[in-house]
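Please look over the sequence and the model shown below before reading on. The report that follows takes up charged pairs, helix packing and the surface in turn.

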Amino acid sequence: LWVEILRDTALRILPVDAAEVRRALTELRGARLLQGARGAEPADLGAVADVVTRVAGLAQSLGDRLESLEINPLLVSGSRVEALDALVTWREPAHGGLTG
């Protein structure tokens, strides 16, 4: 929700590690929301970075078969990180058939 309202993104090219993901999170205009602004529980940025790094690794391992992978929203509450919705788009094989 906030990403659409704030148009707030930080992009990286794969592969990424957890340290790079944490740096990206601090670049967001909404970073203070993750840090516990206005008395809210701060997000566990290590847990968020771990989840994002794992999803990035999954996307990379799928290689050319994957056209896009979007998780939106990613709910973060303390150390709880949950993908509430995901969209995966596959590329059509070049020869038109299914591969195993």
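## Salt bridges and their surroundings

E82 and R80 are joined by a salt bridge, in which the closest N and O atoms are 2.4 Å apart; the term salt bridge stands for a side-chain nitrogen of Lys or Arg within 4 Å of a carboxyl oxygen of Asp or Glu. The model is a predicted one, in which local features need pLDDT of at least 70 and side-chain atom pairs count only at pLDDT 80 or more, while totals for chains, interfaces and linings use all residues. Residues are numbered from 1 along each chain as its sequence is written, and side-chain values use heavy atoms, with hydrogens and water left out.

| Pair | N to O distance |
|---|---|
| E82 and R80 | 2.4 Å |
| R12 and E20 | 2.3 Å |
| E20 and R23 | 2.6 Å |

E20 and R23 lie three residues apart in helix α2, so about one helical turn separates them. Helices are DSSP runs of H or I with at least four residues, and strands are runs of E with at least two, numbered from the N terminus.

E20 is partly exposed at 21%, R12 is partly exposed at 29%, and R23 is partly exposed at 44%. In the other pair, E82 has a relative accessible area of 32% and is partly exposed, and R80, at 46%, is partly exposed as well.

## Helix packing

Two packed helices are described by the angle between their axes and the distance between the axes. Helix α2 (residues 18-27) packs with helix α4 (residues 45-62) at an angle of about 115°, and their axes are 8 Å apart; here axes are lines fitted to C-alpha atoms, for helices over the stretch in contact, and angles run from 0 to 180 degrees between N-to-C directions. On the α2 side, A18, V21, R22 and L25 meet a set of α4 residues that includes L45, G46 and V48.

## Surface and overall form

I5, L6 and L33 make a nonpolar surface patch of about 260 Å². Patches are made of residues with over 30% relative accessible area and no salt bridge, with like charges joined within 9 Å and nonpolar side chains (Val, Leu, Ile, Met, Phe, Trp, Tyr) within 5 Å. I5 belongs to helix α1 (residues 2-6), and because its relative accessibility is 52%, I5 counts as exposed.

The protein chain holds four helices and four strands, which follow the pattern α-α-α-α-β-β-β-β along the sequence. Its C-alpha atoms fill a box of roughly 55 × 25 × 20 Å, taken along the principal axes, and 22% of its 100 residues count as buried.

Technical notes:
Accessible areas come from the Shrake-Rupley method with a 1.4 Å probe; for residues, only the protein chains shown count as cover. Buried means under 20% relative accessible area, exposed over 50%, partly exposed in between (1.4 Å probe, protein chains only). Contact means heavy atoms within 4.5 Å.
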